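Subject: Structure handover

Hi,

Here is the structure I promised to pass on to you. Please have a look at it first, and then read my notes below.

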Amino acid sequence: MTSQTDPSAGSDITVPDELQNNVVITNIAKVLDPVYNWGRRNSVWPMVFGLACCAIEMICTAASRYDLARFGMEVFRATPRQSDLMIISGTVTKKMVPTIVRLYNQMPEPRYVMSMGACASGGGPFKEGYNVVDGIDKFLPVDVYVPGCPPTPQALINGLIALQEKIGQQSIATVPWYSKQGDEFTGAVPIPVLGPDLVDLRQIDIIREEAAKAETNDTAVEETAESAMPEAA
Ligand code: SF4
């Protein structure tokens with residue numbers, strides 16, 4: 001009897017001599033991961049979803065000249081329920097963010113987000129606009145950023161290949177959607193509320209704290225102003 005050790009298996013496993021040439025000791029994740037990831041990365045279904053001029057380049061990328069079918073990504077789905085990838089292709093306005101986040105929440109795991117163009121990644125030429133969000137990554141977890149205004153179809157394809165590489169590095173043993181704490185993992189993002197301005201509900205405690213501070217300051221200023229006023233004769 002000899003001992004064959006596989007460090008990734010986490011233990012010594014003894015293989016009889018007569019089976020040495022017939023048995024491979026490996027970790028189940030090492031066998032499953034390549035198959036699992038190969039299937040997923042070559043069949044990413046993006047959502048039919050365009051926000052502004054960048055969407056025209058995205059449409060062009062899916063057409064015959066660039067042919068996304070080569071990457072298994074030509075099946076743009078008209079529903080978030082059947083989509084793996086949300087391409088944020090264009091300017092994100094504050095009015096639009098609640099809808100974008102709601103659509104993201106409706107996508108099943110595993111799901112990915114690509115920020116396409118300067119507007120989606122940082123506000124672009126409209127960064128200072130009162131109605132524009134300066135980066136979708138303030139709300140959604142972005143996997144790949146594609147720079148440009150607009151990015152060319154080649155740039156978008158490069159981003160999609162980068163996403164394929166990222167998917168290829170994931171392990172079925174560690175991805176959160178299969179974790180033992182899976183019940184706690186929802187991946188859901190609180191939907192922001194649009195009022196006089198956009199309110200990110202994850203920041204609500206800070207917003208309340210700052211509002212209370214501002215109110216206290218206003219009261220203090222008013223009291224000072226009143227005490228400084230001369231009394232009427
Ligand atoms: S990045 Fe440029 S092309 Fe894309 S949506 Fe913004 S302004 Fe339009």
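Before the notes on the sheet, a word on terms: two strands are said to pair if DSSP finds at least two bridges between them. Helices (H or I, at least four residues) and strands (E, at least two) are DSSP runs, numbered from the N terminus. This is a predicted model, in which local features need pLDDT of at least 70 and side-chain atom pairs count only at pLDDT 80 or more, while totals for chains, interfaces and linings use all residues. Residues are numbered from 1 along each chain as its sequence is written.

The sheet

An open sheet is formed by 3 strands, in the order S3-S4-S5, with parallel pairing. Its edge strands, S3 (85–89) and S5 (144–146), each pair on one side only. From one strand to the next, the twist averages 20°; axes are lines fitted to C-alpha atoms, for helices over the stretch in contact, and angles run from 0 to 180 degrees between N-to-C directions.

S3 and S4 are joined in the parallel sense over 5 bridges. Met86 stands opposite Val113 in S4, and Ile88 has Ser115 of S4 as its bridge partner. On the other pairing, strand S4 (residues 112–116) and S5 run in the parallel sense over 3 bridges, with Met116 opposite Val146 in S5.

How buried are these strands? For this I call a residue buried if 20 or more other C-beta atoms lie within 10 Å of its own, exposed if 12 or fewer, and partly exposed in between, with C-beta atoms placed from the backbone. In S3, 5 of its 5 residues are buried. In a regular strand the side chains alternate between the two faces of the sheet. Both faces of S3 are covered, with Leu85, Ile87 and Ser89 on one side and Met86 and Ile88 on the other. S4 likewise has 5 of its 5 residues buried: Tyr112, Met114 and Met116 point one way, and Val113 and Ser115 the other way.

Helix H5 (residues 153–168) lies across S4 and S5 and runs at about 170° to S5. Contact here, and below, is between two residues whose C-beta atoms, placed from the backbone, lie within 7 Å.

The ligand site

Which residues are around the ligand? They are Ala52, Cys53, Cys54, Gly90, Thr91, Gly117, Ala118, Cys119, Gly124, Pro125, Cys149 and Pro150, where near means that the C-beta atom, placed from the backbone, lies within 6 Å of the molecule. Helix H4 (residues 117–122) gives the largest share of this shell, 3 residues. By class, the shell has 8 nonpolar, 4 polar and no charged residues. In that count Ala, Val, Leu, Ile, Met, Phe, Trp, Tyr, Cys and Pro are nonpolar, Asp, Glu, Lys and Arg are charged, and the others, Gly among them, are polar.

Two of the shell residues are also joined by a cis peptide bond: the one from Cys149 to Pro150, with omega near -10°. Pro150 sits in the loop between S5 and H5. The bond from Glu109 to Pro110 is cis too, with omega near -5°, and Pro110 is in the loop between helix H3 (97–106) and S4.

Loops worth a look

Two residues to check are in the loop between helix H2 (54–62) and S3, one of them being Ala69. Ala69 counts as exposed because it has 11 C-beta neighbours inside 10 Å. Asp67, in the loop between H2 and S3, has a positive phi of about 55° although it is not a glycine. With 14 other C-beta atoms within 10 Å, Asp67 is partly exposed.

Further along, Ile191 lies in the loop between H5 and strand S6 (193–194). Ile191 counts as partly exposed, as it has 17 C-beta neighbours inside 10 Å. Leaving aside neighbours within four places in sequence, Ile191 is in contact with Pro98, Val101 and Arg102. The C-alpha atoms of Ile191 and Val97 are separated by 8.3 Å, although the two are 94 residues apart along the chain.

The domains

The protein is divided into domain 1 (2–41), domain 2 (54–178) and domain 3 (193–225), with bounds from an automatic or database domain assignment. The centres of domain 2 and domain 3, taken over C-alpha atoms, are 34 Å apart. Between these two, 5 residues of domain 2 are in contact with 4 residues of domain 3. The side of domain 2 that touches domain 3 has 3 nonpolar, no polar and 2 charged residues.

Best wishes
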